[in-house]
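Thank you all for coming.

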Amino acid sequence: MDTIFALATAQGKAGVAVIRVSGPNAIQVGENLTHRTLPARGMIFSKLKDKEGQILDEALVLSFTAPDSFTGENIVEFQLHGSTAVVSAVMSALEVSNLARLADPGEFTRRALDNGKLDLTQVEGLADLIDAETEAQRKQAQVILSGALGALADRWRTDLIRAASLIEVTIDFADEEVPVDVTPEVDALLSGVLSDIQKEVQGVSIAERIREGFEVAIVGSPNVGKSTLLNALAGRNAAITSEYAGTTRDVIEVRMDLAGLPVTLLDTAGLRDTDDHVEEIGIQLAQERANAADIRVFLAEENETFDVPFRDGDLSLLPKADERDATRGAISGKTGQGIDDLVSHIACTLKNRSTHAGIATRARHRDAMKRASESLQRAIDVLQQGPEFYDLAAEDMRSAIRALELLVGRIDVENLLDEIFSSFCLGK
């Protein structure tokens, strides 16, 4: 196994930069730079010198010996002054040492997976934590990184192995009288796991929204103030506004943190009949995005309707409150009237929906759990047909176990690993 190194902090000038080294030669690399003996697990403050004895920097040097480290290998970390010149000099010294090579993206975390320090769901949680922009995303990522989903999958797997072993015993002794009917216990185990998995599957869509962001679409006729409202909510001129109808032809997106939740506001093209081919394309796109959004904010006169359904959680408001006498149920992006109430409504609605989020956060998790639940349902159905069908039930149980092993990355995930780790930075 090669020894690898990489800058673990962001590129550019900073107060402190961290360079990480992992692999069998890590301790030797650290001792060559410090000209000192490193502790098995601890830290020293030392000058770093190149092969010629030139001082590169003074650094805090941390050492961890296998298997008690993030990767499960020997690790040394150099906490340097964060100038680009210092980082470049130390990286060059590591490169010319011939004891280590520059790491590939995500290679440190991949080694943690290979060495059993993390399961695949924890790797995904780590990636989500690095990408987290809001408090809700941070909390969600921390739950996954803590191993909660992996622990849940292990518990399900243990119950299924118990159920399968009971059935296997019955099959092995089919020609003898088995003293105890195992069917009730097996059925209880399978039904319990199936119920748990189905609950988790139902919560994936909301969990995905927390991870990727909710969408709120502003919908209405042309020139009713949709873009002005978007700019007011965003606090900047994200969309062009004018007195001419049809100014917005594409969907304008603004990402923001709303009460700790990631929300993307969508300013859509005004909905109307038009002979303009380009505007018509914009209107079709507006309808598609509005239909897929989590909440729609309709700027519309009373009794005005659109080809976009009104759903639970949506809001209909009178536009341009600054130009009308009636202010109840009206909003104005120009004066800010009604905006606080709108933000409160969106935040409250999305927070309520977020309470139904499960631990699983990705389509991959949902697909693996669905395959497991389908196999379990077949096993339960076959089990009721009697002992002569137990071999079929046992195979369905094994299929469910394999789906759960796929969930945590124990089998058949090589192509998936390449995709996941390609999104990591070099130092992770």
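**Helices and sheets in a predicted model**

Let me begin with helix H7, residues 183-212, and helix H11, residues 363-383, whose axes come within 9 Å and cross at roughly 155 degrees; these axes are lines fitted to C-alpha atoms, for helices over the stretch in contact, and angles run from 0 to 180 degrees between N-to-C directions. H7 is therefore roughly antiparallel to H11, a label given to angles over 145 degrees. Among the residues that make the contact are Val186, Leu190 and Leu194 of H7, and Met369, Leu376 and Ile380 of H11, where contact means heavy atoms within 4.5 Å. By class, the contact of H7 with H11 has 14 nonpolar, four polar and five charged residues; Ala, Val, Leu, Ile, Met, Phe, Trp, Tyr, Cys and Pro count as nonpolar, Asp, Glu, Lys and Arg as charged, and the others, Gly among them, as polar.

Residues are numbered from 1 along each chain as its sequence is written, and side-chain values use heavy atoms, with hydrogens and water left out.

Helices (H or I, at least four residues) and strands (E, at least two) are DSSP runs, numbered from the N terminus.

Now to the strands: which strands form the open sheet, and in what order? Five strands form it, in the order E8-E9-E7-E10-E11, with mixed pairing, and two strands pair if DSSP finds at least two bridges between them. The edge strands are E8 (252-258) and E11 (315-317), each of which pairs on one side only. Strand E10, residues 295-299, runs parallel to E11 and is joined to it by three bridges, and Phe298 stands opposite Ser316 in E11. Helix H8, residues 226-234, packs on this sheet, touching E7, E8, E9 and E10, whereas helix H10, residues 339-354, lies across E7, E8, E9, E10 and E11, running at about 160 degrees to E10.

Finally, please find strand E3, residues 41-49, and strand E4, residues 55-64, which pair in the antiparallel sense over nine bridges. These two strands form a hairpin with five residues between them, and Gly53 in the turn has a positive phi of about 85 degrees.

Methods: This is a predicted model: local features need pLDDT of at least 70, side-chain atom pairs count only at pLDDT 80 or more; totals for chains, interfaces and linings use all residues. Angles under 35 degrees count as roughly parallel, over 145 as roughly antiparallel, 65 to 115 as roughly perpendicular and the rest as oblique.
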